Amino acid sequence: MKSDLQIQEDVQDELQWDPILKAAEIGVAVKSGIVTLSGTVDSYSKKNAAEDAVKRVKDVKAVAVELEVVFPGTIDHKTDASLAQVALDALKWTNFVPEERVRLQVDNGVITLEGELEWQYQRDAAFNAVKNLQGVRSVINKLRITPGPSVYILKDNIRKALTRDANIEANNIKIETKDRTVVLKGKVRSWSERSDVERAVWSTPGVLAIQDELIVS
């Protein structure tokens with residue numbers, strides 16, 4: 001297990017490695033393996049990129065993102081109304097998202113997505129369609145997954161999906177189901193492996209929710 005100082009140095013190096021980030025603008029504090037990011041960035045996508053960079057670092061237990069999105073004075077700020085129209089167009093251009101099932105609200109650059117969809121990949125696609133638009137400060141994704149009655153959770157299929165993935169040690173993961181909720185227990189080697197596990201489970205038809213109790217160790 002690395003010390004907090006070693007984790008801090010590794011996080012700073014990882015931030016410098018990402019070409020879209022300016023590492024000097026981001027403060028990194030580490031206590032008991034928990035990383036806190038502070039400072040300002042000029043887009044929501046950079047805030048996400050910074051969080052993703054931290055999660056790639058070994059021995060990071062958790063991430064607290066206190067980065068503020070502050071747009072440069074040179075940017076022609078969009079009004080909430082114009083940003084809402086651009087966001088609606090972005091959803092319309094995304095083939096995976098049934099736009100008629102998504103409601104969108106914009107308040108001071110914060111986009112809130114609401115509605116009901118059948119699949120997690122549709123929920124992710126809606127979020128990804130709007131998160132990098134100019135003028136977006138953050139995105140609140142309240143879209144709910146409501147699978148059709150003919151869709152069932154198949155525990156064996158989830159296990160097979162985990163076993164097929166070369167990046168996942170499937171034997172270290174225990175799968176439990178509660179109605180349409182999948183409970184994941186056990187240990188993974190990194191944040192990226194944890195994300196791979198969640199992605200594999202969400203791809204299984206009928207999964208309504210995931211209760212992730214995996215330990216990064």
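**A walk through the model**

Visitor: Which residues is lysine 47 in contact with, leaving aside its neighbours within four places in sequence?

Guide: Setting those neighbours aside, lysine 47 touches Val41, Val65, Leu67 and Val69. Contact here means heavy atoms within 4.5 Å. One caution: this is a predicted model, where local features need pLDDT of at least 70 and side-chain atom pairs count only at pLDDT 80 or more, while totals for chains, interfaces and linings use all residues. Residues are numbered from 1 along each chain as its sequence is written, and side-chain values use heavy atoms, with hydrogens and water left out.

Visitor: OK. Where does lysine 47 lie?

Guide: In helix H2. Helices (H or I, at least four residues) and strands (E, at least two) are DSSP runs, numbered from the N terminus.

Visitor: Which side chain does aspartate 42 make a polar contact with?

Guide: Lysine 46's, at 3.0 Å. A polar contact is a pair of N or O atoms within 3.5 Å; within protein, one must be able to donate a hydrogen and the other to accept it, and residues adjacent in sequence count only if both atoms are side-chain atoms.

Visitor: Why does aspartate 42 count as partly exposed?

Guide: Because its relative accessibility is 28%. Buried means under 20% relative accessible area, exposed over 50%, and partly exposed is in between (1.4 Å probe, protein chains only).

Visitor: Switching topic. Which residues other than glycine have a positive phi?

Guide: Serine 32 is one of them, with phi near 55°. Its loop runs between strand S1 (26-31) and strand S2 (34-41). Aspartate 59 is another, at about 75°. Aspartate 59 is in the loop between helix H2 (44-55) and strand S3 (62-69).

Visitor: Is aspartate 59 buried or exposed?

Guide: Buried, because its relative accessibility is 17%.

Visitor: How about glutamate 193, buried or exposed?

Guide: Glutamate 193 counts as buried, since its relative accessibility is 2%. It is found in helix H6 (residues 191-202).

Visitor: What does the side chain of glutamate 193 reach?

Guide: The backbone nitrogen of glutamate 169, at 2.9 Å. Leaving aside neighbours within four places in sequence, glutamate 193 is in contact with Asn167, Ile168, Glu169 and Val188.

Visitor: Now aromatics. How many aromatic pairs does the structure hold?

Guide: One. It is a stacked pair of tryptophan 119 and tyrosine 121, 6.4 Å centre to centre with 25° between the planes. Rings of Phe, Tyr and Trp (its six-membered ring) pair if their centres lie within 6.5 Å; planes under 30 degrees apart count as stacked, over 60 as edge-to-face and the rest as tilted.

Visitor: What's the relative accessibility of those two, tryptophan 119 and tyrosine 121?

Guide: Tryptophan 119 has 25%, so it counts as partly exposed. Tyrosine 121 has 45%, so it counts as partly exposed too. Tyrosine 121 belongs to helix H4 (residues 120-131).

Visitor: Last one: what share of the contacts with a separation of 6 or more comes from residues 24 or more positions apart?

Guide: In the protein chain, that share is 64%.
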